[in-house]
Amino acid sequence: MMLDFHPLTIADREAMQAVSLHAGRRNCNYTFANLVGWEFWFRTQVCVLEDSVVLRFGWEGSHAYMVCTPGPLSEELIDALHADAGGPFSIQGLEDDQVEALSALTPRLSIHIEPRRNQYDYLYLRSDLVELSGGKLKAKRNHVNRFLSLYPDFIYRPLEPSMFDECRRLEALWRKERGDRNPVYGDTISAEQRVVETVFSHWDELGMTGGSIYLGGRMVAFTYGAPVTTDTFDICVEKADRDIDGLFPVINQQFAARLPEQYVYVNREEDMGIEGLRKSKLSYHPITLLSYNAVHFA
């Protein structure tokens, strides 16, 4: 097997999603909009095979790959990655079932497995995010009800290109606040701004869907995302005025309620090891955390 890589561009969307949308891998790293948006950061290259998408990028000074495939990685593919790397390399983002299959190939393979909890994705039932029913989600339900009582005239609007300048204004305020408050974000905030601009510049080509909340004629929250599989929708970005109580739960609920019925699951991505973000994501009681393992090959 020969792997023929080329730089990832928007033109790869149809070929890649013909595989990735049906592979059953709900990891947000396979959302095409995320890959295109972060291409400048990782210098991502892609090779689309009959039943797999193989991504190649720079990671911690060595060759790294991600493989979106419905089952375990084949020995033939592992050998092809060895040949392509020409030395030590890693495969990022493998789920536990894929790691177990790789482990079964030892001692032929010399591997080191590194679980990365900070990059686990949070997966929810869309119906849970919409209905907020039961005792576990009572606090979220109370936040939403309080918001509705205080702001009965709020307006929800689907996100459109004509609204992007308002998004930029809100995102700039959020970025300044988070950058000042939490230096752990580091360069990621500035990088995310560039990702957002890439998505805005290619909104229709990337097949994006978004929503927003307005109060008194002013945008106070927006969100957008894209499918990662045929039954899972990935929330790529969510920004809101933190001074308005209940606004984050409301934009979350309102947007989820308007997603097509085919999306049974919602992926709200990783927490990056940030304590407050982890607490927030856990408070919505995900149905599972999608495991993320880096497997290093000598």
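Which residues are buried in α1? In this predicted model, the buried ones are Met16, Gln17, Val19 and Ser20. They span an arc of only 160° around the axis, so they sit on the same side of α1. An α-helix has 3.6 residues a turn, so residues three or four places apart point the same way. On the face turned away from the buried side, α1 carries the exposed residues Glu14 and Ala18.

Ser20 belongs to helix α1, which runs over residues 13-20.

The cysteines come next. A disulfide is a covalent bond between the sulfur atoms of two cysteines. How many disulfides does a search of the whole structure find? The search turns up 0. Take Cys28: the closest cysteine sulfur belongs to Cys236 and is 7.8 Å away, which is too far for a bond, because the two sulfur atoms would have to be within 2.5 Å. Cys167 is in no disulfide either, with the nearest cysteine sulfur, again that of Cys236, 14 Å away.

Are these two cysteines, Cys28 and Cys167, buried or exposed? Cys28 is buried, as its relative accessible area is 4%. Cys167 also counts as buried, at 1% relative accessibility.

Conventions. Residues numbered from 1 in each chain as written. Predicted model: local features only at pLDDT ≥ 70, side-chain atom pairs only at ≥ 80, totals over all residues. Heavy atoms only, no water. Helix = DSSP H or I, 4+ residues; strand = E, 2+ residues; numbered from the N terminus. Buried < 20%, exposed > 50% of the residue type's maximum accessible area, 1.4 Å probe, protein only. Arc of directions from axis to C-beta.
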